[in-house]
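Here is a short tour of a few spots worth a look. Keep the sequence and the structure side by side as you read.

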Amino acid sequence: MERKNILGSGRAYVLFVIAAFVFMITSADIAGAQSAAQCKEERRILVNACKSVITRRPPSAYCCQRLRVTNVNCVCPVITPQLAALIDVNYAIRVIQSCGRQVPRHFKCGSITTP
């Protein structure tokens with residue numbers, strides 16, 4: 001399993017793929033910088049809320065809510081080149097748009113740039 005070798009565990013894979021869905025979200029109402037512990041907790045909550053998206057099922061209302069409020073600055077730093085190679089950017093864009101968020105063109109997040 002190449003994925004496990006790159007990311008360490010199945011849970012890590014889920015965390016990173018779900019986190020990737022957030023990478024394009026921008027939020028004008030982000031108050032400020034968050035601690036590493038706060039960011040880790042945001043990613044954990046997002047993963048739990050959006051697990052169904054991994055199997056390409058539509059996001060739940062709660063998943064969409066988490067996609068809208070998760071701080072992009074907590075997600076982008078974990079998007080490595082290895083993870084970026086596993087991300088279907090077009091699918092991520094569709095999920096985010098289905099949750100009511102606009103996706104900026106040419107937005108750079110970690111090792112991914114949106115089309």
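Gln 38 is partly exposed, with a relative accessible area of 42% (buried is under 20%, exposed over 50% and partly exposed in between, using a 1.4 Å probe and protein chains only). This is a predicted model, where local features need pLDDT of at least 70 and side-chain atom pairs count only at pLDDT 80 or more, while totals for chains, interfaces and linings use all residues. Residues are numbered from 1 along each chain as its sequence is written, and side-chain values use heavy atoms, leaving out hydrogens and water.

You will find Gln 38 in helix 3, residues 36–49 (helices are DSSP runs of H or I with at least four residues, numbered from the N terminus). A polar atom of the Gln 38 side chain lies 2.8 Å from the backbone nitrogen of Ser 35.

## Helix 3 against helix 5

Helix 3 packs with helix 5 (residues 61–69) at an angle of about 150 degrees, their axes 8 Å apart (axes are lines fitted to C-alpha atoms over the stretch in contact, and angles run from 0 to 180 degrees between N-to-C directions). That makes the two helices roughly antiparallel (an angle over 145 degrees).

## After helix 8

Gly 100 follows helix 8 and has a positive phi, near 90 degrees.

Methods. Polar contact = N/O pair within 3.5 Å; in protein donor to acceptor, adjacent residues only side chain to side chain. Parallel < 35°, antiparallel > 145°, perpendicular 65-115°, else oblique.
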